[in-house]
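Please keep the sequence and the structure at hand while reading.

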Amino acid sequence: MELTNRITRILPVDGVGLLAADVVGRLHLLDDRLRLLRSAPVAATATPPCGWPLYTVAVAGPWVVTKDKYGTITKWSLDTLDPVDVLDAKATANRDHLVEDEEPSPEISRGIAVWKGRVHVNNGFRQLAVIDLDTFVVERIVPSFTGEVALESVCTDRPGVHAVGDRAGRVHLGSLEDLAFPTVVQVDHGNIHRLLHDPLHDRFWATQDVGTGDDRYVRHGLAVLTPDGRLVRQLPFARNDVEALAFSRDHTRAYVGGFDGVIHVLDNSRPQPRVTATLDGYSHQVSDCVVTEDDALVVLTQDGHLVRTDPARNTVTARAPFRRQCVWDLQAAPNTPGTLYAATDDGVAVVRVGGTAAAPSLCVSARHVTGLGFTRRIQPMPDGGWIGVTWDRKVTRSGNDGTPRWTSAMPAIAHTVAVSPDRRRALVATNVGAIELDTATGHTVDHLDVDGLPVWAATYLPTGERVVGTRTGELRAFDAHDTSVTWQLRLRLGEYVKRLWADAHDLYVTGSGGLKRIPLHGDAVEHRYVELLDNTVENGVVHADTVCAVSYGCQIAAYDRHTGDLTGLVEDLPGEPKGVAVTRVDDEAFLVVGGRGGYLDLYRLDARSARGTLARVRRAFLPRGATRTTR
């Protein structure tokens with residue numbers, strides 16, 4: 001047996017095994033060697049395409065309680081993993097505090113607790129629901145003590161004081177029993193994904209997503225506070241979101257991981273915790289970790305891989321049975337109409353769109369395995385082939401048949417790649433700045449620094465100027481030939497940059513706060529395309545007067561380029577969309593979208609259509625490989 005869908009959360013259950021939740025609303029039980037023991041059936045309440053992701057999970061006695069992305073709360077049998085009772089998201093609400101006909105909002109939050117036979121969790125409207133665990137009757141629904149912000153983590157391990165972390169960086173200290181949390185401590189300005197009690201020194205540890213003060217979006221890691229709310233220590237060792245935290249069984253060691261792709265090992269035997277080792281080599285960013293009964297460390301990465309490790313030796317001792325696939329990027333081949341290159345988990349796929357405008361076709365015509373881990377981004381070359389950025393800090397150029405021409409190692413994690421207008425240079429965004437390469441040889445020709453900040457995206461302007469964007473929202477353009485700065489703009493704090501591209505008139509920026517259009521060398525954002533989008537905008541594309549954006553909320557939105565008005569919205573994707581491109585069939589425009597799970601969707605782009613701009617006409621899937629990738 002194998003896991004067929006990406007895992008989102010893991011929980012160790014002493015005497016039972018490892019409980020895992022996935023992106024289609026199912027639960028799974030694995031043993032201590034990560035062998036799959038059983039899986040839950042597809043829930044009868046599943047919505048298209050097969051269910052909503054589970055991020056909110058709690059275990060209490062013989063029961064498991066979950067909440068899906070849209071607020072449906074389900075009780076399961078831990079013994080069989082069968083669903084026992086379901087509270088529909090639309091019905092689980094106090095309508096006195098909602099606007100008329102308000103619908104549940106999608107929310108990726110993890111906060112849930114069971115205390116004295118009562119489940120405490122946000123519903124689909126961010127209200128606080130208190131549910132009797134045995135009968136699964138809703139006892140009360142009240143405004144959440146965290147306000148409009150969702151619960152993200154709950155710790156009930158410390159006698160006398162409960163701690164709740166929210167999605168705005170606050171730790172609330174008080175009591176679930178009477179829902180009184182008089183002490184509120186600001187320890188971050190992002191999600192408190194994990195909050196644990198340290199019994200050795202009687203303190204709480206909270207993860208930080210973005211940091212505080214001058215270190216916000218620059219350096220962060222952990223915050224340590226006392227049960228009475230005094231912030232006594234911060235440990236800023238991370239440059240990206242911190243997602244995971246676990247203690248060894250005796251609490252003398254802590255394991256902390258996140259989107260930097262490593263696990264930091266901290267010595268907690270003394271009052272002053274300190275980093276003593278770093279575990280690396282994971283296939284993707286770290287999203288969760290737990291410690292087993294025999295003190296092994298199990299690490300979950302964003303691509304769905306589960307590995308059991310020996311922390312003392314930094315070695316993998318077992319892997320869960322899972323084969324990943326994703327379309328990370330899509331780019332049109334410049335000289336071959338209807339051909340797209342897709343960045344995948346094992347290399348590059350060639351996608352062809354053909355047929356007729358009335359009956360278009362979409363198929364994968366070739367697969368090229370690189371052996372370099374997953375390809376994050378790809379840029380086609382006019383003479384055939386492509387330049388790709390891989391997770392293992394490599395930039396590689398391949399010919400049209402996939403044969404490597406050169407491979408260049410980067411000094412840090414690489415995020416995006418762009419090719420200059422004359423195709424002689426490639427600009428790679430990395431955590432140590434933007435690195436420019438000669439496209440013929442792969443040799444480094446320049447290094448652009450932005451105040452020592454990680455550069456998350458980079459592109460060229462039609463003039464050859466080089467534009468880079470940082471996690472702090474700093475946009476900076478450098479001269480085409482030297483490192484002099486020709487233009488700069490700071491976005492709002494927190495509007496981190498994911499991707500950049502430019503046309504003859506505008507620079508386009510995706511990331512937090514929507515897709516943004518900025519006139520070249522302009523001093524302000526002219527349009528933000530963000531209406532109805534949930535979470536970060538990962539990618540986008542512009543065609544004629546239509547702007548399309550895809551988000552972490554499994555959405556595609558279309559907007560009028562000039563007014564910003566929403567003209568189309570799709571929310572039933574199988575997974576988060578990552579790659580997006582425009583192609584033509586019989587001179588009619590179509591949008592191709594790919595994402596997690598390896599799906600490839602084809603949409604008709606017609607702003608005049610009564611169905612809205614986006615009308616799906618085809619869905620295909622990129623098959624997973626026959627074998628798992630290895631660390």
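The model is a predicted one, in which local features need pLDDT of at least 70 and side-chain atom pairs count only at pLDDT 80 or more, while totals for chains, interfaces and linings use all residues. Residues are numbered from 1 along each chain as its sequence is written, and side-chain values use heavy atoms, with hydrogens and water left out.

## Two buried arginines

Arg26 lies in the loop that runs between strand E2 (17-22) and strand E3 (27-30); strands (E, at least two residues) and helices (H or I, at least four) are DSSP runs numbered from the N terminus. Arg26 is buried but has no salt bridge, and the nearest side chain of opposite charge, that of Asp22, is 5.1 Å away. Here buried means under 20% relative accessible area, exposed means over 50%, and partly exposed is in between, with a 1.4 Å probe and protein chains only. A salt bridge is a side-chain nitrogen of Lys or Arg within 4 Å of a carboxyl oxygen of Asp or Glu, and for charge Lys and Arg count as positive and Asp and Glu as negative, whereas His and the chain ends are not counted.

Arg376 has its place in strand E33 (residues 375-380) and counts as buried because its relative accessibility is 8%. The side chain of Arg376 reaches the backbone oxygen of Ala414 at 3.0 Å, and a polar contact of 3.3 Å joins it to the side chain of His415. A polar contact is a pair of N or O atoms within 3.5 Å; within protein, one must be able to donate a hydrogen and the other to accept it, and residues adjacent in sequence count only if both atoms are side-chain atoms. Leaving aside neighbours within four places in sequence, Arg376 is in contact with residues including Gln285, Trp328, Asp329, Trp391 and Ile413. The C-alpha atoms of Arg376 and Asp392, which are 16 residues apart along the chain, are separated by 9.9 Å.

## Salt bridges

Side chains of opposite charge can pair when their charged atoms come close.

| Salt bridge | N to O distance |
|---|---|
| Lys90 and Glu103 | 3.4 Å |
| Arg367 and Asp346 | 3.2 Å |
| Glu495 and Arg528 | 2.9 Å |

Glu495 lies in the loop between strand E44 (485-490) and strand E45 (497-502) and Arg528 in strand E48 (residues 527-529), so the pair ties together parts that are 33 residues apart in sequence. Glu495 counts as buried because its relative accessibility is 5%, whereas Arg528, at 26%, counts as partly exposed.

Beyond such pairs, salt bridges that share partners join Glu107, Arg110, Arg126, Glu152, Arg167 and Glu243 into one network.

Turning again to the other pairs in the table, Arg367 is partly exposed, with a relative accessible area of 32%, while Asp346 is buried, at 17%. Lys90 counts as partly exposed at 49% relative accessibility, and Glu103 counts as partly exposed at 45%.

## A pocket and a cavity

The second largest pocket has a volume of about 1100 Å³ and is lined by 35 residues, of which Leu11, Pro12, Val154, Asp157 and Leu196 lie nearest its centre. On a 1 Å grid over the protein atoms alone, a pocket is an open set of points with protein on both sides within 12 Å along at least five of seven lines, a cavity is a set where a 1.4 Å probe fits but cannot get out, and lining residues have an atom within 4 Å of a point. Grid points are joined across faces, edges and corners, and a volume is the space filled by probe spheres set on the points.

Which strand gives the most to the lining of the second largest pocket? That strand is E1, with five residues. The strands that each supply at least two residues of this lining include E1 (7-13), E5 (54-60) and E13 (151-155).

The structure holds four cavities of 30 Å³ or more, and about 60 Å³ of space lies in the second largest cavity. Among the residues that line the second largest cavity are Phe237, Asp241, Phe259 and His264. Strand E20 (231-238) and strand E22 (253-258) each supply at least two residues of that lining, and E22 gives the most, with three residues.

Methods. Contact means heavy atoms within 4.5 Å.
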